[in-house]
Structure formats: structure tokens, C-alpha cells
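Thanks for coming. I will show one structure and talk through one part of it.

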Number of protein chains: 2
Amino acid sequence: MPAVLPRVELVALRGVPTVDPGMEPWRLVVDALDASGLALEPGDVLVVSSKIISRAEGRFVDLSGVEPGAVARELAGRTRKDPALVELALRESAAISRAEPNVLVVRHRLGFVCANAGIDASNAQPAAAEPGSGPWVLLLPEDPDGSAAGLRAVLHHACGVEIGVVISDSFGRPFRLGTVGVAIGSAGLPALVDHRGRPDRHGRVLEHTFTALADQLAAAADLLAGQADEGTPFVLVRGLTLPASGATAADLVRAPGEDLYA
Amino acid sequence: MPAVLPRVELVALRGVPTVDPGMEPWRLVVDALDASGLALEPGDVLVVSSKIISRAEGRFVDLSGVEPGAVARELAGRTRKDPALVELALRESAAISRAEPNVLVVRHRLGFVCANAGIDASNAQPAAAEPGSGPWVLLLPEDPDGSAAGLRAVLHHACGVEIGVVISDSFGRPFRLGTVGVAIGSAGLPALVDHRGRPDRHGRVLEHTFTALADQLAAAADLLAGQADEGTPFVLVRGLTLPASGATAADLVRAPGEDLYA
């Protein structure tokens, strides 16, 4: 018999429909748990794709209705991107980080530095879209930390279980190729875990002071995205012993003045 | 009965001793599997802490024996770091990325952009260290992709099973606080997965073209590091259907000329 080993399990829930505005994320979770034959357990973390939240919030935009201003038109020329998309990205942003051919990296108004302000152009069409409308895109959720906290609270009420919630997206990053899952919202777990003062085996105090737990959860859940054709909007993470709650995903943002790569 | 759901399990192996130079990583894995009551299965991925490989390779350096040159002394003043540590970081590096008070970010000779050239000062003492020697630090492995390929090949020979291997470290990053697990070596799986040309639900070709699978595995395995006091040098990841092999961790490095944040 194996000894009890530290172990974490990630399961992609089934039974999630195409989400349209007005659908309630907590109800989608409860239905997907039912369809998957699972029930929430204390200490579970639910990683929710930001796209589900954006769609439920109706964050669709028809680019044909977006009028690019002069700044967007200039930037679209420089980046070779659709001027309407660039206009929308500017409206979503606090600052431009890099603009080069085929690249537009901004600081989103939520603080996250990401390409195209996180605007998503794949599977971004609402069910109610008129034929011939679009192209459609989807903005990031309005307040992902708030959405995570709300979803957690209603699931507690509906299921009687307190869990952690992470709202995830996939971002590129400097220095390294490929996207990884990142947390843009969280509740019920510390997005950053403070290891300061924990001595190592030789009594030396550890140098890595903070671990980005919420980002690691988002990256882990993203592993399953390649495993299911229909997408994996809800991934249940079971088996972690979570430290007391604290920082949320908003706290993962480096202050612009302290970021040497802004 | 739950339907068969996409599912991944991560297990931290027990029974790993403090590693000293000359110990063979494959033997440590086999012993840890035995101690944990587990056997490798095809498709498993083993995430190995880079520290284990560095220690086995004897990458210890006694800082008291490192003579800082003029460049290191100037940089140590600017970063308020130990001049011997800075000298060592420079010897390990191809370029300096950022140097500010308490921050030294370099491009390691392996291509990775990270703080202090990945030099590790916690649990970095060899068992054979003379009393009064040190302080000791540990360099990154000499050739992590090569170490991953070697470990994979010997485990195939010893256990008759082909698995994926990721050698992981924890790096900080621009824009976001906290460290996350990253892959510095890999074998037997594509470090980058190419999704180009896969259409979405509406026939639109997906925009996120590459996923950094090896980094996501390293981040997922890092979730277990907080779950065990004695560290989690070997994490077994079970349940993924891996695409055919291709890119290794070295391919995760953005070419300096193509990195807008270099």
C-alpha cells in the first residue's frame, strides 16, 4: 500500500453549454458538477475560464460598430492590426507597453499587462448575433476578483461548501515563448503565498519569498485544455491544503513604478 | 458513476535523500517510486526539481573562494549584493537585463532570463562541506535538456517505460508578483504545443498559437511544494495524453532580438 503522498487531482467538468448573457455561472457550475457525477468538497479550488464569465456578463462587442479614433488608427498602422480592435484595446487600457508589427501589449485597466488588452476573438460570438453581424470579440470580465468572490459566495450558499475560485486566462510573457494560464480573479485562497522567514534545512531563511499560487493553479488547469475538444471551462482542483486567504489576483499585479519592464 | 472525465493527477514522491555529488538521478527516482509504492506508466511526466540535478552534478560553489572582478564589484555596489555572488552570476550569464538596488536580472548562458542567474543560496551546502567553509551556493545544471533526455533514456532502460521529463525551477517575472514554476529542461514531450490552424467552434482559426506545456507542468508541480515540509523534488504527473514530442525547454527561450522586453 502506498503511504499517503502529497497529491493533487485536476478534473475538467463536463456538461457546460455555450454560455450566453444572463446565464448564472453558479448554476452552470452546479449543472456541470451534476453532469460530471461530482460534488464540491471543502478545500476544492474551481478554476473558471474567464471566457465563461465574460460571456455570462455579455461582454461581447461587434467590431463593425466600433469607430477608431486618430490614436487607434495610427497604432493600427504601426501594429498592422484592425483599427477597431486597437480602438477597443485602448478603451480597455491604462497604458501602452509595446507596439510593434503584429504586437500590441498594454496595461489593462485592471493592471494586467497582456496582448490586445485580453480581447478574445475566438468563439466570441453571442448566440443571438444577427446573421452578417460582427466580427465579434469578447472583453475580459468587468471585475474578475468580484466575480470570483460572488461565485464563491453563491456556491457556498447553494452547496454548503467553501471552496477557492480562480478565474483564469492565458497570457504570453516576456523572455519565454508560448502562453501559460494566469489568474485574473480569485477568492477564497491566497493568490500570493508568503514564505518569508521559513528556514531551509540548514536554518537559512528562504529567498523565494512569494509564490504566485493563483497563477500556478491557472497554469495547472490549463494542462487539461489540450485534453478535451470541447474546451475545459471548469477545472476542479482537489487535494491542496490551502493557506489562509489573503491576496487576490489583483494583488499579483506589480505596481507600474516598481516594474523594471513596464 | 461519473463519466470518464479529463483528469490529471500530481503526486509528490517520498523517500528522496539529501542529494550529493555523484548520486545518480535515475536511481533516486527508482528508489523514490519504491518508497512511494508507485511504478511508472506510459505517458507519465516526471517533474524534477533542478536543485536535485545541480546537487547530483556537484554544481556547488563556495563563495569565499570566488574573487570578484572590477565589473562585479561595481555591479554589487549598484545592486547591494554580495560581490562574489555577482561575479558568479556574471560568469553564468550572457547579458545583464536589469540591475537595480536588490535586483540583478540576467540572461543566463542557457538563454533563460532570471534573477541572479538562477544561483540558489538555500539548502545549497554539500554534505562534505568543511566546517567553517562557505557560504555555499548552487548553480543551475550544466545542460538541463541533456539531463532530462539522459534521465528519460535511463529510466526507459531501467523500468521499460517511456515517460516525459521536465526539469523545473521557480522564477520571478515582469508585471506579476510571486514566483512560478518554469521548465529549464525537458525531454519526451513538446515543451511548446502548436495549436495553429485548429479552428474554434465557429470555424475561426485559434489565435493562441503556442502553449508552453513544459512551463505549465512545472507550475502545476510547484503546487505540491507548499504541501510537504521536506520539499517535493520529484512530482509524477499522470493522466495527460501528450502530443508527439518536439520542442525542448531550450526552445521556450525567446531569441533576444525578438524579445521586446530584453
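**A strand and the helix it covers**

Two strands count as paired if DSSP finds at least two bridges between them. Within this pairing, Leu46(A) has Leu236(A) of E12(A) as its bridge partner.

This is a predicted model, where local features need pLDDT of at least 70 and side-chain atom pairs count only at pLDDT 80 or more, while totals for chains, interfaces and linings use all residues. Residues are numbered from 1 along each chain as its sequence is written, with chains lettered from A and ligands numbered from 1 in the order in which they are written. Chain A has a mean pLDDT of 92, pLDDT being the predictor's confidence in each residue, from 0 to 100.

E12(A) also pairs with strand E1 (residues 7-12) of chain A, antiparallel, over 4 bridges. There, Ala12(A) sits opposite Val235(A). Of the 5 residues in E12(A), 4 are buried, meaning 20 or more other C-beta atoms within 10 Å of their own, with C-beta atoms placed from the backbone.

Now helix H1 (residues 25-36) of chain A. Its buried residues are Pro25(A), Leu28(A), Val29(A), Ala32(A) and Leu33(A). Seen down the axis of H1(A), they fall within an arc of 135°, so they line one face of the helix; the arc is that of the directions from the helix axis to the C-beta atoms. What covers them includes E2(A) and E12(A), where contact means C-beta atoms, placed from the backbone, within 7 Å.

Notes. Helix = DSSP H or I, 4+ residues; strand = E, 2+ residues; numbered from the N terminus. Expected span 1.5 Å × (residues − 1). Buried ≥ 20, exposed ≤ 12 C-beta atoms within 10 Å, placed from the backbone. Contact = placed C-beta atoms within 7 Å.
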